[in-house]
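Q: Could you walk me through this structure? I have not seen it before.

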Amino acid sequence: MSVNRDQLATSHTTSERNLEYIQRKINAFKDGAIDGFIQGMRIPNHREMHYYNQGYDFGVVLYNKQQEDSE
C-alpha cells in the first residue's frame with residue numbers, strides 16, 4: 001500500500017488545525033485562570049467561553065486557597 005503526496009499534505013494540515021484548536025482551548029483556560037486569580041473579574045464574553053470559565057473557576061479556587069493559607 002502506498003501513500004500519495006496529497007494524502008500526506010492533508011494529514012499535515014489536519015494536525016496543524018488540531019494543534020491550533022488545542023492551543024485556543026489552552027489559551028482560553030489560561031486567560032480565565034489569570035482573570036480569576038489576579039483580577040477577580042470575569043469578562044462577559046470570550047471566544048472559547050467554556051474553557052475560559054473552567055480556567056476562571058480554577059483561578060478563583062487558587063486565590064481562595066492562597067487566602068486560607070496566609071491566615
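A: We can begin with Tyr63, which is partly exposed in this predicted model. Its relative accessible area is 36%.

Q: Where is Tyr63 placed?
A: Tyr63 sits in helix H2.

Q: Which residues make the nonpolar surface patch?
A: Tyr63 belongs to the patch, together with Phe29, Ile34, Phe37, Ile38, Phe58 and Leu62. The patch covers about 620 Å².

Q: Which helix gives the most to the nonpolar patch?
A: That is H1, with four residues. Both helix H1 (5-39) and helix H2 (49-70) supply at least two residues each.

Q: Changing topic: how many salt bridges are there?
A: The count is four.

Q: Which residues are linked in a network of salt bridges?
A: Arg24, Lys25 and Glu48 are linked in this way. Between Lys25 and Glu48, the closest N and O atoms are 2.5 Å apart. Lys25 lies in helix H1 and Glu48 in the loop between H1 and H2, so this pair ties together parts 23 residues apart in sequence. Glu48 also forms a salt bridge with Arg24, with the closest N and O atoms 3.3 Å apart.

Q: Is Glu48 buried or exposed?
A: Glu48 counts as buried, because its relative accessibility is 14% and the limit for buried is under 20%. Lys25 is also buried, at 13%, whereas Arg24 is partly exposed, at 30%.

Q: And what does Arg42 form a salt bridge with?
A: Its partner is Asp57, with the closest N and O atoms 3.5 Å apart. Arg42 is in the loop between H1 and H2, while Asp57 is in helix H2, 15 residues apart. Arg42 is partly exposed at 38% relative accessibility, and Asp57 is partly exposed at 43%.

How values were computed:
Residues are numbered from 1 along each chain as its sequence is written. This is a predicted model: local features need pLDDT of at least 70, side-chain atom pairs count only at pLDDT 80 or more; totals for chains, interfaces and linings use all residues. Side-chain values use heavy atoms; hydrogens and water are left out. Patches are made of residues with over 30% relative accessible area and no salt bridge: like charges are joined within 9 Å, nonpolar side chains (Val, Leu, Ile, Met, Phe, Trp, Tyr) within 5 Å. Accessible areas come from the Shrake-Rupley method with a 1.4 Å probe; for residues, only the protein chains shown count as cover. A salt bridge is a side-chain nitrogen of Lys or Arg within 4 Å of a carboxyl oxygen of Asp or Glu. Buried means under 20% relative accessible area, exposed over 50%, partly exposed in between (1.4 Å probe, protein chains only).
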